[in-house]
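Open the model in your viewer and keep the selection tool at hand. The stops below say what to select next and what is there.

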Amino acid sequence: MALLLIIIFICGSISSHTSVASRSQSEFRVSGRALYKLDISWPKNPEYFTGQVFGVAVNHLAGLVYVAQRGDNVPKVLVFSTDGDFLQAWNTSSLEMPHGIFLANASADPTVWITDVGNGSYGHTVKQYSPSGKLLQVLGSPGKAGSSLSPLQFDQPAEIFVHSSGEIYIVDGDGGMNNRLIKLSRDLQVLWMHGEKGQGLAQFYIPHSVAVDSYQRVWVADRGNKRIQVFNSVTGDWLGSWGSCFKEDAPYSVRLTPDQKYMVVAQLNTNQVTLLEAPPVGIIGQCQVISSIQLAEDVKPHLVDLDLKTAALYVAEIGANQAQKFIPVTAAGV
């Protein structure tokens with residue numbers, strides 16, 4: 001009898017755990033236009049998520065998804081296929097606290113860039129890795145927070161975007177002393193910068209994410225000011241800002257769908273992923289919400305990336321300790 005009770009208890013515990021995990025994965029609702037739906041089959045083995053998931057990057061040509069996570073004694077980068085198979089874990093000691101992650105140059109010589117906001121001997125840097133996790137290059141002064149441009153220093157750099165031209169955009173200041181947007185040339189020379197803390201034009205308070213569109217515009221999630229600011233990618237001139245869509249919660253991410261029709265914005269505190277209409281060339285105007293994905297409570301979406309081939313959307317969630325995949329609703333024409 002005692003053995004039977006133990007078996008019933010264990011089975012009930014497993015059933016309860018599975019139910020909670022399933023509910024965390026699948027609870028969401030869409031308001032506005034239905035552009036995306038959850039792919040509940042990705043990944044096939046979610047148990048490989050063992051830390052807080054902060055960032056995600058996609059190689060659309062190789063069919064690979066890189067997931068950056070934090071935690072003690074956990075691999076800092078996990079590699080999955082776009083079909084959901086677990087492929088590899090990076091056992092690197094050169095990463096402390098990954099924040100943003102970006103896949104560059106997918107068509108020729110792909111590399112993975114990661115911002116490290118740690119305070120130890122490897123922190124306050126932006127690192128370039130091979131697809132298998134070999135450290136290739138370090139930008140910044142490891143372990144030394146600073147604001148210098150020569151030599152280049154960072155203080156908790158939030159995210160990097162590498163353009164197809166090889167030019168690099170970095171938002172530096174995930175709560176540290178810096179609040180900067182920096183553009184670097186291919187050979188790492190500073191081309192222009194905006195670097196003042198404040199609420200004015202071209203000023204920032206926790207610049208958190210950066211993306212460049214097809215029309216020579218740089219989009220920055222100015223998290224602390226609850227707005228997105230836009231700049232000319234060539235000159236650095238300020239072009240406009242969006243704030244009316246972010247009254248309840250700040251933008252944490254900026255990414256564009258492959259067709260450049262929509263801006264995808266994660267909003268961590270309201271557990272939402274919002275799709276805004278991306279304006280055509282020459283016009284910034286005001287933001288307009290087209291669709292909103294309401295995730296389960298405490299999922300906390302942080303940063304996102306999109307598959308440039310299929311338009312699949314991957315969301316890094318620090319509350320749920322997972323990444324999720326959303327696929328376009330075919331009829332919506334994303």
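Buried means under 20% relative accessible area, exposed means over 50%, and partly exposed lies in between (1.4 Å probe, protein chains only). This is a predicted model, in which local features need pLDDT of at least 70 and side-chain atom pairs count only at pLDDT 80 or more, while totals for chains, interfaces and linings use all residues. Residues are numbered from 1 along each chain as its sequence is written, and side-chain values use heavy atoms, with hydrogens and water left out.

**Stop 1: Asp85 and Lys44**

Select Asp85 and Lys44. Their side chains meet in a salt bridge, at 3.0 Å from N to O. The term salt bridge stands for a side-chain nitrogen of Lys or Arg within 4 Å of a carboxyl oxygen of Asp or Glu. By this rule the structure has 10 salt bridges. Asp85 lies in the loop between β5 (77-81) and β6 (86-90) and Lys44 in the loop between β2 and β3, so the pair ties together parts that are 41 residues apart in sequence. Strands here are DSSP runs (E, at least two residues), as helices are (H or I, at least four), and both are numbered from the N terminus. Asp85 is partly exposed, with a relative accessible area of 33%, and Lys44 is partly exposed at 48%.

**Stop 2: Trp42 and its surroundings**

Stay in the loop between β2 and β3 and select Pro43. The peptide bond from Trp42 to Pro43 is cis, with omega near -15 degrees.

A pair of aromatic rings is described by the distance of the centres and the angle of the planes. Rings of Phe, Tyr and Trp (its six-membered ring) pair if their centres lie within 6.5 Å; planes under 30 degrees apart count as stacked, over 60 as edge-to-face and the rest as tilted. The structure holds 12 such aromatic pairs. In one of them, the ring centres of Trp42 and Tyr314 are 5.1 Å apart and the planes stand at 70 degrees, so this pair is edge-to-face. Trp42 is in the loop between β2 (36-38) and β3 (52-59) and Tyr314 in strand β26 (residues 313-317), so the pair ties together parts that are 272 residues apart in sequence. Are these residues buried or exposed? Trp42 counts as buried at 1% relative accessibility, and Tyr314 is buried at 0%.

**Stop 3**

Select Asp172 and Arg180. They form a salt bridge whose closest N and O atoms are 2.8 Å apart, and both residues are buried.

Next, select Asp174 and Arg223, whose side chains meet in a salt bridge at 3.5 Å, N to O. This pair links distant parts of the chain: Asp174 is in the loop between β12 (168-172) and β13 (180-184), and Arg223 is in the loop between β18 and β19 (227-232), 49 residues apart. Asp174 is buried, with a relative accessible area of 15%, whereas Arg223 is partly exposed at 22%.

**Stop 4: Asp222**

Move to Asp222, in strand β18 (residues 217-222). Asp222 is buried, with a relative accessible area of 0%. Which side chain does the side chain of Asp222 touch in a polar contact? The partner is the side chain of Asn225, at 2.9 Å. A polar contact is a pair of N or O atoms within 3.5 Å; within protein, one must be able to donate a hydrogen and the other to accept it, and residues adjacent in sequence count only if both atoms are side-chain atoms.

**Stop 5: backbone features**

Select Ser150 and Pro151. The peptide bond between them is cis, with omega near 0 degrees, and Pro151 is found in the loop between β10 (135-139) and β11 (157-162).

Select Asn105, in the loop between β7 (98-104) and β8 (111-116). Its phi is near 55 degrees, a positive value in a residue other than glycine. Asn105 is partly exposed, with a relative accessible area of 41%.

Finish at Ala311, in the loop between β25 (301-306) and β26. Ala311 has a positive phi of about 70 degrees although it is not a glycine, and at 5% relative accessibility Ala311 counts as buried.
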